[in-house]
Amino acid sequence: MTANSETLDIDGRSVELSKGDKVMYPDDGFTKRDVVCHYRAVAPVMLPHVRGKPLTLRRFPDGIGSGGFFQKEASEHFPDWIRVVSVPQRGADDSVHHVVADDAATLVYLANQACLEFHVALSTADDLEHPVLAVVDLDPPESTGIADLRSITKDMCDRFRDAGLDPFVQATGGKGFHVVAPLDARRDFDDVRAHMAEIADRAAQEDERLTTQQRKDKRGDRVFLDINRNAYGQTMIAPYSLRARPGAPAATPIDLAEISRATPNRHGLANMTRRLARKADPWARIDRHAAV
């Protein structure tokens with residue numbers, strides 16, 4: 001351990017915090033210590049949503065002002081107690097060895113490795129071919145007002161219900177919202193993707209504010225209904241993960257009743273602990289609503 005480090009006790013596991021004063025969000029002054037404290041605080045609500053699922057890490061060794069990188073393959077220097085799973089690559093003979101965060105110590109260790117964003121698979125490591133979540137990512141252009149975005153999110157929830165799915169909503173910490181539905185892992189990705197495409201296509205046909213056009217230059221001022229995450233090897237931003245954006249917002253599950261006053265980036269490093277002190281995780285029982 002170096003002079004500029006300290007040892008944290010995370011549920012009986014010793015985890016080093018190194019260079020805790022390094023600034024990770026230069027516009028806001030948030031440090032690596034702040035990031036580590038965030039993940040330590042949200043671990044009880046975040047872990048149920050990432051446990052057992054392959055992760056893709058987005059790391060920023062010198063903070064968000066200096067660029068970062070996505071990491072799928074676990075680093076050789078990661079300690080042996082961090083779970084790593086082998087994920088076969090479609091169309092290739094090799095596999096990628098992804099980290100799985102099964103405990104708070106793993107989240108804190110990775111945060112100390114300058115991982116700001118955690119992107120989680122939609123299926124578990126034990127059954128990679130069958131998703132446990134379906135997701136439509138509402139991706140608005142800059143011209144979309146918040147009232148329209150909220151209205152579209154509510155409408156997509158209704159469409160999920162009409163399709164026999166229980167909708168849950170996440171403010172992404174970016175520009176939009178995710179509407180997701182828990183699944184019982186009986187259907188494969190191709191089937192789930194086709195179902196999401198059917199919902200999205202019908203919505204776009206019936207609402208001129210929406211599009212499923214893949215090419216950005218063809219979307220105009222319409223909100224893109226992105227179903228591309230419903231595929232083998234794809235990910236979504238994990239609940240309670242920070243985002244590498246000014247202000248350090250976080251992906252935040254919200255109650256459906258909150259949509260009317262929600263914004264995509266209202267909660268984050270500065271206020272997440274206050275939110276969790278007064279409000280339970282809206283997705284705490286999401287698994288109980290899994291659709292066939």
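Guide: Let's start with a term we will need: two parts are in contact when heavy atoms lie within 4.5 Å of each other. The model before you is predicted. With that in mind, the cover over helix 2 includes strand 1 (5-10), strand 2 (13-18), helix 1, strand 5 (55-59), strand 8 (95-100) and strand 9.

Visitor: What makes helix 2 "mostly covered"?

Guide: Buried means under 20% relative accessible area, and nine of the nine residues of helix 2 are buried. Among them are Ala104, Thr106, Leu107, Tyr109 and Asn112.

Visitor: What comes after helix 2?

Guide: Alanine 114 follows helix 2. Alanine 114 sits in the loop between helix 2 (104-112) and strand 9 (115-121).

Visitor: Why is alanine 114 called buried?

Guide: The cut-off for buried is under 20%. The relative accessibility of alanine 114 is 4%, so alanine 114 counts as buried.

Visitor: What makes the backbone of alanine 114 worth a look?

Guide: Its phi: alanine 114 has a positive value of about 70°, although the residue is not a glycine.

Visitor: Which loop holds tyrosine 240, and what is its phi?

Guide: Tyrosine 240 lies in the loop between strand 15 and strand 16. Its phi is positive, near 75°, and tyrosine 240 is a residue other than glycine.

Visitor: How do you know whether tyrosine 240 is buried or exposed?

Guide: Set its value beside the two limits, under 20% for buried and over 50% for exposed. Tyrosine 240 has a relative accessible area of 0%, and therefore it is buried.

Visitor: And histidine 38: where does it lie, and why does it get its burial label?

Guide: Histidine 38 belongs to helix 1 (residues 32-50). Its relative accessibility is 5%, so histidine 38 counts as buried, given the limit of under 20%.

Visitor: Which residues are in contact with histidine 38, leaving aside neighbours within four places in sequence?

Guide: They are Tyr240, Leu242, Ala250, Leu269 and Met272.

Visitor: Let's turn to the domains. What are the parts of the chain in each domain?

Guide: The domain assignment gives domain 1 as 6-128 + 234-254 + 264-288, and domain 2 as 131-226. Their C-alpha centres lie 24 Å apart.

Visitor: How do you know that domain 1 and domain 2 touch?

Guide: The contact limit is heavy atoms within 4.5 Å, and 25 residues of domain 1 are in contact with 22 residues of domain 2. The area buried between the two domains is about 1900 Å², with carbon and sulfur atoms giving 63% of it. On the domain 1 side, Leu122, Pro264 and Ile286 supply 36% of the area buried against domain 2, more than any other three residues.

Visitor: How many salt bridges and polar contacts are there between domain 1 and domain 2?

Guide: A salt bridge needs a side-chain nitrogen of Lys or Arg within 4 Å of a carboxyl oxygen of Asp or Glu, and the count between the domains is zero. Polar contact, with both residues at pLDDT 80 or more, is found in eight residue pairs.

Definitions and conventions. Residues are numbered from 1 along each chain as its sequence is written. Side-chain values use heavy atoms; hydrogens and water are left out. Domain bounds come from an automatic or database domain assignment. Buried area is the accessible area (1.4 Å probe) that two parts lose on being put together, summed over both. A polar contact is a pair of N or O atoms within 3.5 Å; within protein, one must be able to donate a hydrogen and the other to accept it, and residues adjacent in sequence count only if both atoms are side-chain atoms. Helices (H or I, at least four residues) and strands (E, at least two) are DSSP runs, numbered from the N terminus. Buried means under 20% relative accessible area, exposed over 50%, partly exposed in between (1.4 Å probe, protein chains only).
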